[in-house]
Amino acid sequence: MTEPQNSAVSLSAPRPVLVVDFGAQYAQLIARRVREARIYSEVVPHTATAAEIEAKNPVAIVLSGGPASVYADGAPSIDPGVFDLGLPMFGICYGFQVMAQALGGEVAKTGSREYGRTDMEVSGGALHAGLPGSHPVWMSHGDSVHAAPEGFEVTATTAGAPVAAFENTAGKMAGVQYHPEVLHSPHGQEVLTRFLTEVAGLEPSWTAANIADQLIDAVREQVGEGRAICGLSGGVDSAVAAALVQRAIGDRLTCVFVDHGLLRAGEREQVEKEFVASTGARLVTRDDSDTYLGFLDGVTDPEEKRKIIGREFIRSFEGAVSEVLGAESESGASVDFLVQGTLYPDVVESGGGAGTANIKSHHNVGGLPEDLEFSLVEPLRLLFKDEVRAVGRELGLPESIVGRHPFPGPGLAIRIVGAVSRERLDTLRAADAIAREEMTAAGLDDQVWQCPVVLLADVRSVGVQGDGRTYGHPIVLRPVSSEDAMTADWTRMPYETLAKISNRITNEVPDVNRVVLDVTSKPPGTIEWE
């Protein structure tokens with residue numbers, strides 16, 4: 001084995017637009033919106049120095065929103081030298097105020113707050129040219145810019161923001177008080193794209209085809225003449241990662257599907273049939289369910305569950321090496337690389353983003369053992385889910401794989417609130433299968449981004465079934481709509497479909513007498529319960 005190197009494949013990416021994160025709820029979403037404009041972006045913390053930012057060779061800078069007041073003690077700031085780099089710059093909300101203050105404008109309390117939908121009046125400028133003179137935007141501020149810096153034109157106002165937008169097109173600088181990155185600002189994406197292309201003068205070239213080519217080259221460079229195995233779950237992330245690596249190194253890749261006993265009904269059979277048929281890749285299947293369930297016995301803490309599963313995944317792959325090499329193992333041949341479908345949101349939520357808290361450890365990020373004997377190949381580590389799907393389609397993967405609803409690597413273990421057991425898994429597996437069948441029958445697969453079905457194993461409630469008293473478990477339905485898992489809202493499924501799911505689960509699944517619907521957005525809740 002080579003010395004473990006837990007580093008991702010590096011994209012041979014174009015020069016980035018850097019999103020400077022001031023603790024914004026939507027910093028990652030801003031980066032995603034920049035990419036939707038077909039321009040590459042990355043997130044950096046506001047603590048990055050001007051030298052560190054310059055070293056990334058950016059083409060432009062976007063200053064994110066944030067919860068603080070720019071004039072409060074200890075408020076997040078930015079190295080003043082960043083403004084001397086001569087880069088195009090766009091400020092959003094707090095970043096707009098930071099920009100105004102640093103360039104000689106005036107920021108103060110408004111005396112009134114603007115939160116949510118706000119009508120904005122446009123008075124000119126390049127960003128809003130051709131848009132309605134009055135249109136709604138999404139605000140979230142208690143301070144505002146009262147005077148624009150010298151050389152800047154005020155181009156929009158609201159009742160609570162005398163300077164709601166300004167721009168200096170000659171200097172390639174502009175900003176807005178509202179949040180153009182959220183869908184509640186209906187013209188926001190157009191405004192952000194105009195800054196990037198018309199004001200900053202950037203060329204939109206970040207496409208699925210380019211991403212795929214760059215990733216294949218990066219994998220080929222990292223792996224060299226080595227061999228790799230891929231932890232295949234059957235989901236879109238690992239499938240696309242495997243397809244990319246296969247394009248790069250051919251038959252030196254072997255995919256390993258681990259049946260850890262935490263899969264949904266029919267999942268193993270689907271992976272064995274569809275993935276091999278669509279890629280021709282070699283697939284080794286291991287049934288390690290007894291091992292996983294043994295280590296999970298009695299464990300109720302979700303973080304511990306994730307770390308156990310992450311650890312055992314690696315052990316399963318290490319055990320698969322002899323199967324991959326076969327007779328070659330006697331000659332000293334080795335498998336040095338492990339391919340994973342880690343995404344940017346996984347890294348962010350596991351505390352690997354710019355200044356972000358550890359929300360939960362993803363088994364393939366925060367749950368990896370320290371004595372890992374592989375070098376990691378993570379070609380999707382800087383991509384969002386929609387970009388992964390686009391790359392998958394570019395590689396020719398079938399829609400049954402590319403469009404599949406996300407499913408967590410730890411499987412049903414983190415959809416059982418309580419200890420994991422075979423009996424509880426059987427209960428949840430049956431309920432999950434019913435929910436998926438009915439959503440498909442109702443034609444909702446394209447409307448629902450993901451629908452975790454959760455068993456509250458340590459909760460019981462009184463019910464009446466067959467004219468008798470029952471004391472059964474509740475099942476939670478968690479249908480959500482999302483673009484990249486960074487934010488989500490609950491999906492308004494038809495009542496008729498919900499009724500069918502509930503009736504079938506309570507009639508067909510033993511020990512379940514109640515079905516409830518989770519109507520929480522993200523934030524404040526996460527998509528999964530654990």
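This is a predicted model: local features need pLDDT of at least 70, side-chain atom pairs count only at pLDDT 80 or more; totals for chains, interfaces and linings use all residues.
Taken as a whole, the protein contains 14 helices and 20 strands. Of its 530 residues, 56% are buried. The contacts also tell a story about how the chain folds back on itself: among those with a separation of 6 or more, 75% join residues 24 or more positions apart.

Helix α6 is mostly covered, with 12 of its 14 residues buried. Among these buried residues are V236, D237, S238 and A239 at one end of the list, and A248 and I249 at the other. Just after the helix comes G250, whose phi is positive, at about 65 degrees.

An unreviewed UniProt entry lists S233, G234, G235, V236, D237, S238 and A239 under "binding site". Which residues surround A239, once its neighbours within four places in sequence are set aside? The contacts of A239 are then with L232, F275, L397 and I401.

Helices can also be described in pairs. Two packed helices are described by the angle between their axes and the distance between the axes. For helix α5 (residues 208-223) and helix α11 (residues 385-394), the angle is about 80 degrees and the axes lie 9 Å apart. Since angles of 65 to 115 degrees count as roughly perpendicular, α5 and α11 are roughly perpendicular to each other. On the α5 side, the contact is made by A208, A209, I211 and A212, while α11 contributes A390, V391 and E394. Six of the residues in this contact are nonpolar, one is charged and none is polar.

R38 is not a glycine, yet it has a positive phi of about 65 degrees. R38 is found in the loop between α1 (27-36) and β2 (41-45), and is partly exposed, with a relative accessible area of 41%. N57, also not a glycine, has a positive phi of about 55 degrees. The loop that holds N57 runs between α2 (50-55) and β3 (60-63). With a relative accessible area of 40%, N57 is partly exposed.

Definitions and conventions
Residues are numbered from 1 along each chain as its sequence is written. Side-chain values use heavy atoms; hydrogens and water are left out. Axes are lines fitted to C-alpha atoms, for helices over the stretch in contact, and angles run from 0 to 180 degrees between N-to-C directions. Helices (H or I, at least four residues) and strands (E, at least two) are DSSP runs, numbered from the N terminus. Angles under 35 degrees count as roughly parallel, over 145 as roughly antiparallel, 65 to 115 as roughly perpendicular and the rest as oblique. Contact means heavy atoms within 4.5 Å. Ala, Val, Leu, Ile, Met, Phe, Trp, Tyr, Cys and Pro count as nonpolar, Asp, Glu, Lys and Arg as charged, and the others, Gly among them, as polar. UniProt positions are given in the numbering used here, feature names are shortened, and annotations may be inferred rather than shown by experiment. Buried means under 20% relative accessible area, exposed over 50%, partly exposed in between (1.4 Å probe, protein chains only).
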